[in-house]
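Good morning, and thank you for coming.

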Amino acid sequence: MNLEQIIKKLEDEIKIMFCKESSGHDIYHLVRTKNIALKLQEKEGGDRDVIGVSAFLHDVHRIIQKETGKFCHPKDSLSKVRDIIENADVKLSEEKIKGILHCIEFHEEYSFTEEGISVSDIETLILQDADNLDAIGAIGIARTFLYGGSHGVPMWNPEVGFDREIYDEAVEDPSTIHHFYSKLLRLKDNMNTEAGKQLAKHRHEVMENYLAEFFDEWEGLK
Ligand SMILES: [Fe+2]
Ligand SMILES: [Fe+2]
């Protein structure tokens with residue numbers, strides 16, 4: 001079975017699970033992340049199956065989080081991910097499945113969090129870059145406001161300063177604009193691969209231009 005056939009089978013398996021997702025981690029985020037990851041793989045190498053499948057299943061933890069209403073770390077989604085792979089009957093070797101679970105477990109470690117990056121295999125590094133690329137640029141702007149709206153976070157609160165130094169995914173930012181500064185604008189310098197760094201440049205500029213326009217309009221300058 002080739003990767004495209006594997007993804008098709010997995011898609012049938014997770015479609016219903018992700019259909020009610022409306023906070024930016026929907027099935028199209030998985031498809032885009034998978035496509036970016038495979039693009040990076042062409043330049044950086046690594047196991048194509050492990051990269052494609054882990055990218056396509058990396059955010060199952062978000063669905064568990066939504067269902068339980070409690071923060072769910074990616075490592076707590078691994079048994080569910082294994083079930084999905086086994087139910088889809090895609091005939092991946094145990095070695096590849098272990099590689100996929102490893103990538104998913106570590107996909108949300110950033111150099112600017114307390115623990116820092118703790119992985120060095122190219123598959124995980126590519127998944128992190130692909131996921132982070134989909135969090136920035138025009139799509140990233142749309143997704144972050146969507147996420148904020150679905151979690152009752154205001155778009156901007158000028159009364160709260162930008163003094164958050166340590167980023168922690170489990171702690172909500174005071175506004176969506178704050179989230180750009182606590183996380184999104186830091187992702188460009190957090191890219192692992194050369195190919196990821198190249199793609200991040202333009203997306204970063206798109207966000208910087210957007211924020212400049214946002215503040216000009218907020219102040220009534222335009
Ligand atoms: Fe995630
Ligand atoms: Fe993601």
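A word on conventions comes first. This is a predicted model, in which local features need pLDDT of at least 70 and side-chain atom pairs count only at pLDDT 80 or more, while totals for chains, interfaces and linings use all residues. Residues are numbered from 1 along each chain as its sequence is written, and chains are lettered from A and ligands numbered from 1 in the order in which they are written.

The protein chain contains 10 helices and zero strands. Helices here are DSSP runs of H or I with at least four residues, strands are runs of E with at least two, and both are numbered from the N terminus. The C-alpha trace spans about 60 × 35 × 30 Å along its principal axes. For 222 residues, a compact globule would have a radius of gyration near 17 Å, and the chain has 18 Å, which agrees. That radius is taken over C-alpha atoms, and the globule rule is 2.2 Å times the number of residues to the power 0.38.

How much of the chain counts as buried? Of the 222 residues, 36% do. A residue is buried if 20 or more other C-beta atoms, placed from the backbone, lie within 10 Å of its own, exposed if 12 or fewer do, and partly exposed in between. Two residues are in contact if their C-beta atoms, again placed from the backbone, lie within 7 Å. Among contacts between residues at least 6 apart in sequence, 65% join residues at least 24 apart.

Let us turn to the core. The largest nonpolar core has 39 residues, and Leu10, Ala37 and Ala130 have the most contacts inside it. H3 gives the most to this core, with six residues. Such a core is a set of buried Ala, Val, Leu, Ile, Met, Phe, Trp, Tyr and Cys residues joined through C-beta atoms within 7 Å. Leaving aside neighbours within four places in sequence, alanine 130 is in contact with Thr33, Ile36, Ala37, Leu40 and Ala55.

Now to helix H5. Its buried residues are Val81, Ile85 and Ala88. Seen down the axis of H5, these fall within an arc of 70°, so they line one face of the helix; the arc is that of the directions from the helix axis to the C-beta atoms. In general, an α-helix has 3.6 residues a turn, so residues three or four places apart point the same way. On the other side of H5, Ser79, Asp83 and Glu86 are exposed. The buried residues of H5 pack against H1, H3, helix H4 (60-68) and H6.

Between H5 and H6 lies a loop that holds aspartate 89 and lysine 91. Aspartate 89 is exposed, with 10 other C-beta atoms within 10 Å, and lysine 91 is exposed with 11.

In H6, the buried residues are Gly99, Ile100, Leu101, Cys103, Ile104 and Glu105. They pack against helix H3 (48-57), helix H5 (78-88) and helix H7 (122-133).

Finally, isoleucine 141 is found in helix H8 (residues 137-150). Isoleucine 141 is buried, with 20 other C-beta atoms within 10 Å.
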